[in-house]
Amino acid sequence: MDYPDGRLFALLQLKLDGESPADLSEEDRAKIEELERKLKSQSTETLWKKVAKGLPNRECKDENEFFAREDICLGLMFHGFKDSDEDRNRYFQHMNTCFYCFELYSDVMRGYLSELEKHKNR
Amino acid sequence: MLSILQNPPGNGGGGGDYHLFNEGWSHFLDRYRALIATTVKRFCGENKFTNASEYNKFIDDITYDVLEILIEKNYKVIRQIKATAEWQFKGYLFIVTKNESIKACKKIPPIDAYDDNVRADQREVVREFENTGYQRWENFHNMASSIRDKQGTRSKNRHRDLHIFLLSSFGGFSNEDISRALSKEGVTMKIVTNSIHRIKGMLNNRLPE
């Protein structure tokens with residue numbers, strides 16, 4: 001299983017915005033392309049189904065259960081829930097109940113925001 | 001990247017390229033510094049320290065200890081890692097950092113002496129729990145559940161407000177970062193400020209006069 005990496009998500013965001021940094025390593029380029037393929041392969045509807053199916057009602061058993069799944073994390077960060085208030089509420093509720101997912105999400109966001117900040121300061 | 005780090009230049013190494021190798025290290029630090037810091041925080045809580053700068057220094061020290069373990073004896077450890085996927089390497093880094101954190105954390109004297117009536121073996125159990133991030137887990141749940149009780153079930157946005165508040169107070173994110181992180185969910189700066197303000201107001205009402 002691939003763990004979600006906020007830094008790579010930020011680089012993907014930059015690529016989608018047409019601002020991809022020129023000095024990326026080959027390894028990063030390959031990973032970003034792989035993420036882009038994964039993102040395009042899942043529609044918002046597919047993501048909702050995945051989230052609804054995978055979202056535990058209580059706290060996860062360990063940190064590998066829900067948010068650690070790269071496909072879910074990627075979809076949540078790039079698609080969001082748009083108009084589905086019910087799914088969004090269930091997601092927030094889980095994040096407020098599950099320490100592991102909250103910590104992992106914070107970790108991913110830190111990496112994501114710091115990479116965007118770094119790009120802004122270039 | 002790992003293959004570049006596994007091939008250090010000179011002195012019995014694999015004769016790798018200096019420039020590539022240095023670049024590899026710089027990528028390594030960019031990529032994994034946050035993972036190391038988060039792991040240290042998970043296994044040694046801030047409550048062991050009297051102030052934040054002391055804690056940050058502790059995190060820096062552990063980061064250097066971990067790097068030292070990786071590079072000692074001409075990068076022996078790095079060269080021996082058999083990880084074929086990044087998550088395996090991250091797992092390895094997590095374990096080294098966890099062990100170093102717990103080891104260093106045990107050496108820190110407690111701020112307040114434990115109750116003399118508590119037996120030595122019980123004290124050890126308490127310390128062990130604190131070292132393994134249990135404290136942080138408990139703080140998270142205490143904070144979330146006490147706010148949840150106060151919120152009641154009427155407000156439509158209560159889950160969102162609580163999430164925003166936890167990101168701010170527990171996760172240490174700025175209001176601007178939170179609104180950027182949740183922009184896909186329609187969360188603006190104004191919503192972030194109002195949510196935090198609302199919950200702070202609730203908590204202040206609970207404090208004794």
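Why is α7(B) largely enclosed by the rest of the structure? Eleven of its twelve residues are buried, so helix α7(B) is largely enclosed by the rest of the structure. A residue counts as buried if 20 or more other C-beta atoms lie within 10 Å of its own, as exposed if 12 or fewer do, and as partly exposed in between, with C-beta atoms placed from the backbone.

## Basis of the report

This is a predicted model, in which local features need pLDDT of at least 70 and side-chain atom pairs count only at pLDDT 80 or more, while totals for chains, interfaces and linings use all residues. Residues are numbered from 1 along each chain as its sequence is written, and chains are lettered from A and ligands numbered from 1 in the order in which they are written.

## Confidence

The model scores ipTM 0.88 and pTM 0.58. The predictor's confidence in each residue is given as pLDDT, from 0 to 100. In chain B the mean pLDDT is 75, and 72% of the residues reach 70 or more.

Among the elements of chain B, helix α7 (residues 158-169) has the highest mean pLDDT (92), and helix α5 (residues 120-131) has the lowest (52). The pLDDT is below 50 over residues 113-119 of chain B, and this stretch has two contacts in the model beyond near neighbours in sequence. Two residues are in contact if their C-beta atoms, placed from the backbone, lie within 7 Å.

## The two chains

Chain A has six helices and zero strands, and chain B has nine helices and zero strands. Helices (H or I, at least four residues) and strands (E, at least two) are DSSP runs, numbered from the N terminus.

In chain A, buried residues make up 40% of the 122 residues. Of the 209 residues of chain B, 21% count as buried. Among contacts in chain A between residues at least 6 apart in sequence, 69% join residues at least 24 apart. In chain B, residues 24 or more positions apart account for 59% of the contacts with a separation of 6 or more.

Helix α7(B) has twelve residues and reaches 16 Å from its first C-alpha to its last, close to the 16 Å expected at 1.5 Å a residue. The expected span of a helix is 1.5 Å times one less than its number of residues. The buried residues of α7(B) include Arg158(B), Asp161(B), Ile164(B) and Phe165(B).

Helix α5(A) has 13 residues and reaches 18 Å from its first C-alpha to its last, close to the expected 18 Å. Its buried residues are Arg88(A), Tyr91(A), Phe92(A), His94(A), Met95(A), Asn96(A) and Thr97(A). An α-helix has 3.6 residues a turn, so residues three or four places apart point the same way.

## Where the chains meet

The contact between the chains takes 22 residues from chain A and 22 residues from chain B. On the side of chain A that touches chain B, α5 (85-97) and α6 (99-120) of chain A each supply at least two residues. Helix α6(A) gives the most to this side, with eight residues.

By class, this side of chain A has nine nonpolar, seven polar and six charged residues. Here Ala, Val, Leu, Ile, Met, Phe, Trp, Tyr, Cys and Pro count as nonpolar, Asp, Glu, Lys and Arg as charged, and the others, Gly among them, as polar.

## Nonpolar cores

A nonpolar core is a set of buried Ala, Val, Leu, Ile, Met, Phe, Trp, Tyr and Cys residues joined through C-beta atoms within 7 Å. The largest core has 46 residues, of which Phe9(A), Cys101(A), Phe102(A) and Tyr105(A) touch the most other members. Helix α6(A) supplies the largest share of this core, nine residues. Not counting residues up to four places away in sequence, Tyr105(A) touches Phe67(A) and Met95(A). A second, separate core of eight residues includes Tyr32(B), Phe43(B), Cys44(B) and Val66(B).

## Two partly exposed residues

Asp71(A) lies in helix α4 (residues 70-78) of chain A. With 19 C-beta neighbours inside 10 Å, Asp71(A) counts as partly exposed. Leaving aside neighbours within four places in sequence, Asp71(A) is in contact with Lys38(A), Gln42(A) and Lys50(A).

Val96(B) is found in helix α4 (residues 86-106) of chain B. Val96(B) is partly exposed, with 18 other C-beta atoms within 10 Å. Leaving aside neighbours within four places in sequence, Val96(B) is in contact with Val66(B) and Ile69(B). Val96(B) and Leu67(B) are 29 residues apart in sequence and 9.8 Å apart in space, C-alpha to C-alpha.
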